[in-house]
Structure formats: structure tokens, C-alpha cells
Amino acid sequence: MAALPGLALLLLLACGGPPAAGQKRKEMVLSEKVNQLMEWASKRSVIRMNGDKFRRLVKAPPRNYSVIVMFTALQPHRQCVVCKQADEEYQILANSWRYSSAFTNKIFFAMVDFDEGSDVFQMLNMNSAPTFINFPAKGKPKRGDTYELQVRGFAAEQLARWVADRTDVHIRVIRPPNYAGPLMLGLLLAVVGGLVYLRGSNLDFLYNKTGWAFAALCFVLAMTSGQMWNHIRGPPYAHKNPHTGQVNYIHGSSQAQFVAETHIVLLFNGGVTLGMVLLHEAATSDMDVGKRKIMCIAGIGLVVLFFSWLLSVFRSKYHGYPYRYVFF
């Protein structure tokens, strides 16, 4: 009977030992993974991963850090223009985090290129690029952990808001200095100053109604076509289907658009405007009747043609819209 307490003690130690050893091993593995990621992040803000690195550092537990992964196809033979544009914004976001005073090991930015990790694409049943996914510190990615690229665009500021929403890590985006704007402003001021200097005694050109009307019209057409939306959201220029190679210039949703779509709408609006100007001139000018008839026919043709194209674009974005104009 005296041996029973000793036996119980041995059983207690036997039950308590392995879990403690397992926990210690998990901590060691986690420490190695964090140290490895920190070492890579110190050299490059966006860590490039292949299949082995992704499975070991992103998919496999333990993990107490989040990883934002961009799945892309940057090789030239893939001809993914959108991937290159998204990569530039992604690099800006990662650099803003890496070189900020708030940088910690709570979140890392990584990239999996299709040509370096096609097995990862197959494992995740992914068939399009670029795609951004947040792999949280605990559990598997949820629906909200996949970034809605077509809706939000890939501007670094938009990505930063999404990262803050998914990880509670707030990143202040710091862009490299862009001197294009100041240079263009300086050039404009130089041109205006040169004109004033050369024609100091005759400033009638500043009161030219046609010139000011043309400038105002260009501004209105640019704004109504969606240029400000592009500046805020940073959408891709177009979308190329990776399977068929077909390029789409018109976004299929009413909640988003491509840059190319903006240019197309701008052209169509300009055509309608030109047609209306011709109709106005045909009705009010002092030209002979023959020329006025030609202007009238040309104006009607431009309005009908370009307005029909505009309506066809609207129909392609608002599916089920029942009306059409003349054709298309």
C-alpha cells in the first residue's frame, strides 16, 4: 500500500510531461518562424514565397502573426499589366509599414508568383491574378479576408484600409515624391507668363469666350467620365482573362469601372457634345443653306451614334435594363 502514492506521482508526472514538452516545442517553432520572417522583412518589405515557404510559414500552425499575400503573375510572358500596376501599389504599402515607427512582427507582407508557386494556386483553387488574401493569426481566412479588387481598386490607401479592418494594424501610406504635378504646374505658369510677356500690350486672348468654353468643356467631360473615381480608387486599366486571353475594357458591374472604360465614355460624351454643337451652329450660323444642312445631318448622326454607344455601355453594366436607343 505504501507504493501507491509513489505510483500516483509517477502517473501525474507522466501525464503532465508530454503536454509541457509539446507546448515548448510549439513555442520554439513559432519563434523560428517569426525570426525567419523578420530577417527576410528586414531585407525586402514584400517576402517572395514559393510553395514550400507558403505551406510552412503561412498555412502550417503555430502562427501568432497575420500574413497579407498577393497572388500574382509578374513574368513578362504572362502579359499581366494589372499585376504590375497592383505590385507597385502593394510595394508602397509594404514599404510604408516596414519603415514606420510602428513596425512589429504582428503582420507581414508576402507575394506568391504563379511561376514560382503554381502549386499554391492549385491548392487554393485560384484562377485569377492579382488577388490579395489575409491569412489571420488564428483560424482560416474568412470571406472578408479576400480583398474585393474589382470594387475597391488596388490603390495603396484602399489596401491599407482593408488591412486595418482585418488586422487592426493601421498603416500610414507614404508615397515616393512625385514631381509630375509641380512640373506641369510650373510649365503652365511659364507658358501663361510667356504669353503675357510677349503680348503685354494685347491681352484680348484672355477674354476669348471660345477658349474658356473649350477648357471648361474638357474639364466637365473629364469629371463626368469618372476621372476623379479613378484617382481615388486606382482601378486597373483593363482586365485580361488568364484562361482565354480576352481583354475586357468595360467592367461588368455597376459598382466599378476600368481606366479604359473612362476613356471610352469620355470619347462617347465628346462625340455627343460635338453633335450638339454642330446642330446649334446649323440653326444659328449665317452660312448658306447647303452647308447648314450638312452640319445638321452630321450633328444628328453624331448624337445618334455616340448616344447609342453610351446606352449600350450602360446596358452592359446594369444587366436587365430593358431600353435601347435606335441600335446597340
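Trainee: What should I know about the model before I start?
Mentor: Because this is a predicted model, local features need pLDDT of at least 70 and side-chain atom pairs count only at pLDDT 80 or more, while totals for chains, interfaces and linings use all residues. Residues are numbered from 1 along each chain as its sequence is written, and side-chain values use heavy atoms, with hydrogens and water left out.

Trainee: Which residues have the most contacts inside the largest nonpolar core?
Mentor: They are Tyr90, Leu93, Phe109, Phe132 and Val163, in a core of 29 residues; such a core is a set of buried Ala, Val, Leu, Ile, Met, Phe, Trp, Tyr and Cys residues joined through side-chain atoms within 4.5 Å, where buried means under 20% relative accessible area, exposed over 50% and partly exposed in between, with a 1.4 Å probe and protein chains only.

Trainee: And how many residues are in the second core?
Mentor: That separate core has 21 residues, including Leu37 and Val120.

Trainee: Switching topic, which cysteines form a disulfide?
Mentor: Cys80 and Cys83 do, with their sulfur atoms 2.1 Å apart, the criterion being a pair of cysteine sulfur atoms within 2.5 Å. The link is right-handed, with 70° about the S-S bond.

Trainee: Are those two buried or exposed?
Mentor: Both Cys80 and Cys83 are buried, whereas Cys218 is partly exposed, with a relative accessible area of 36%.

Trainee: What does UniProt list as "transmembrane region"?
Mentor: The unreviewed entry lists four spans, among them 210-229 and 264-282, although such annotations may be inferred rather than shown by experiment, and their positions are given in the numbering used here with feature names shortened.
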